[in-house]
Amino acid sequence: MAREKKINFSVIEKKWQREWEKKKVFQVNESRSKKKFYVLEMYPYPSGSGLHMGHALNYTIGDIYARFKRMNDLNVLYPMGYDSLGLPAENAAIKTHMHPKSYTEKAIKNFIRQQKELGLSYDWSRVIETHDPNYYKWDQWIFLKMFERGLAFRKKAPVNWCPKCNTVLANEQVHNGMCWRHKDTEVEIKQLEQWFLKITDYADELYEGINKLNGWPDRIKTMQKNWIGKSYGTEILFEVDGEKWPIFTTRPDTLFGVTFMVISAQHPELMKFVTKDQKKNVGKFLKKIKTVSQKSIKEVEELDKQGAFTGSYAINPINNEKIPIWVGNFVVADYGGGIVMAVPAHDQRDFEFAKKYKLPIKEVIRGKNNNIKQRAYAGEGNLINSGKFNSMNSKKAINAITKELQKKKLGKITTEFKLKDWLISRQRYWGTPIPIVYCDKCGITGVKEKDLPVKLPEKVKFGKGNPLTTAKSWIKTKCVKCGGPARRETDTMDTFVNSSWYFLRYCDPQNKKVIFDKKKADYWMPIDQYIGGAEHACMHLIYFRFYTKFLRDLGLLKIDEPTYNLFNQGMLHGEDGFVMSKSRGNVVLPEKVSKKYGIDTARLFLVSLANPDKDIQWSEKGIQGSFRFINKVMNYFNKSKFGKSSKKFESKINKTIKDVSSDVDGFRYNLAIIKLKKLFDVIEKEEKIAEKDAESFLKMLAVFCPHICEELWHKIGKKSFISLEKWPVADLKKIDEKLEAQEKVVEKLIEDVNNIIKLVKEKQKKAVKRGFVYVLPNEKQIYAGKDDIISKRSNIKIEIFAVNDKNKYDPENKSKKVKPGRPGIYLE
């Protein structure tokens, strides 16, 4: 037998990558005659180490979907860009003694090369890079629009400070008290003048809009709801030294049980409450405690409760009782006013604090099985020790006590959110300059739009602190209003600002006059399918919703949400079982895989192991199976001759088209590949198949393995690009449901045989060499000629007998237990 010719996949890949680029195959424009479809993956930070197969998995998931939609005659926008500003690039540049710009552009060049080698069908004419002044000019423009409307503002605030990053972190970037980037570094608290974006103005719409995100994973929606944290309650005014302070509570029914107040250790006006004789004690306490920034209310509540008496007292508006005010580490500075009323008899957190510091505990709700000597009672009951509200049900009392406070103008019904204003100031170089100048005469003013972009200065000193403070000539400028001497803002923007609107710039990336053409944005938006990691649930995935709503309110967009469909991809683990990463040393590089197996083999293998939203593990043994399959397909089409398909095969291919179409559309790529492999097994056994059916097989395989399918498409005499061909449509009339049902029965038998083989190996620790299957006589025809298929799929020799066959081999009388549709199985 002649040996199959070795296939040079590298030559094939390069050939078709060149052709796609030369003919601009994936370049798109707005089209009124075609329905649009916008597929987008979260753009990457271009690290100097480049891509590994974990990245390749993410991009392959999106590329398959884009190719599928393109072949379904949709006008597909599938762009790529680079999140190229940020501290990692700055730190890496310092390490390598390169300027961040040179370092970043070198990294992007490498990324583009690697992505093209993966066969990704991006429209490369739309590439954006956030470090390009032509891009961040519009970051600055949006900031100025927010500044004009009071949504961008500066205030002194307790901020999260990472000593390793040497910069401020947003609340969302503090994970369990640690820096999101340096997971071993504890975050500190500093009081600094910082820039914020008033995302809280959109809190209610962001919260309520979650219900409309029907195509988002439930866990992401739940995480966002919890983060935004909408609560209905009562705002109560407590008096302290003649000044009224608003306190938010969801439990006004417990107001008579308040025995002390607690103010946050990070409250900006804390020292107003601290009396002279308590300054020393409070100072000691503040030095001792760590940050309790707004990570989540739950995390704060789990802290060991600590506090100190401030020396001040508040007046309870319901009974005029004098209540001591303590400072504590378990109250968040900017939730509910940063001060809480403590009801230790009916709140476990307050109960623990009261017990620790020997503060009074007053019961005001009597319920079933409550024992306030041991723990707080937080349930429903009837009020006691509550004046005229005694005996009232606690739920009714919420409304009744609120009404009483409203009468006295000491309270009102309100809604509170856990979501806080977004801190965007960063004390670093490689970010978007904040377009603000400071004038001693005129104060804080925004740069004029005609002077945008405010470009980063090239010459700065890296080392300690913010490098921008070393660019003295850049800092010196003229006041926008009076023309006198002024100084530039030296903080730069959080890079999540750049990614909050980048998807819109893809609609019109070359526009130098406006941020984007409204008509183009109206055509492409919203994103039809967004793909990215679940780790961005409470950062990017909230911020880009906020920006969309703000730009809509400027009249630039007609949509309320950036996307209604979100897919979270799984993670690729190395052969050591850990997530693939350079720091672990377990990465597999696409270049090496391509050289050994071809990149189409890698693409096929990556999505064949499990649904793309599940974590998978890289396996050299596994990829070899995909390699064998691709080689078989190549060899078959290199020597195939077409004729007429049998009715049986017509049924099979049309059923496969129907199922694969549904699977790819639903991101069930692994199931689609199983069906394509089974179809190819049938193709190999058929004497001849129709050319149209062969084309349909190649078209379906093309979304997974684009290079080899382009090659084979031309091998069978086609002149077009298979990537732009129409996806096959199933002829439902040709599907023989009876035949397909029989196929399912055979599949079930194969599954049962394999499960028993597995159990024998695990429990009896022995190998299975052969098997015998017993079926009812009237079902024998279902399995006729299937012995070889079942043997091949189970890797043992299988023989099939009717139960009434006198010559059957049945040492354990398994045939006597056979029932309709349930064959007997004996293995040895």
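**Exercise 1. Name the residues that form one aromatic cluster with Tyr43, then classify the ring pair of Tyr135 and Trp501.**

Solution. Tyr43, Trp216, Tyr502, Phe503, Tyr506, Tyr530 and Phe544 form one aromatic cluster. The model is predicted: local features need pLDDT of at least 70, side-chain atom pairs count only at pLDDT 80 or more, and totals for chains, interfaces and linings use all residues. Residues are numbered from 1 along each chain as its sequence is written, and side-chain values use heavy atoms, without hydrogens and water.

Step 1. Rings of Phe, Tyr and Trp (its six-membered ring) pair if their centres lie within 6.5 Å; planes under 30 degrees apart count as stacked, over 60 as edge-to-face and the rest as tilted. A search of the whole structure finds 54 aromatic pairs.

Step 2. The ring centres of Tyr135 and Trp501 lie 4.6 Å apart with planes at 10°, so this pair is stacked.

**Exercise 2. Determine whether Tyr135 and Trp501 are buried or exposed.**

Solution. Step 1. Buried means under 20% relative accessible area, exposed over 50%, and partly exposed in between (1.4 Å probe, protein chains only).

Step 2. Tyr135 has a relative accessible area of 3% and is therefore buried; Trp501, at 0%, is also buried.

**Exercise 3. Classify the ring pair of Tyr429 and Phe462, and state the exposure of each residue.**

Solution. Step 1. The ring centres are 5.4 Å apart and the planes stand at 85°, so Tyr429 and Phe462 are edge-to-face.

Step 2. Tyr429 is buried at 1% relative accessibility, whereas Phe462 is partly exposed at 30%.
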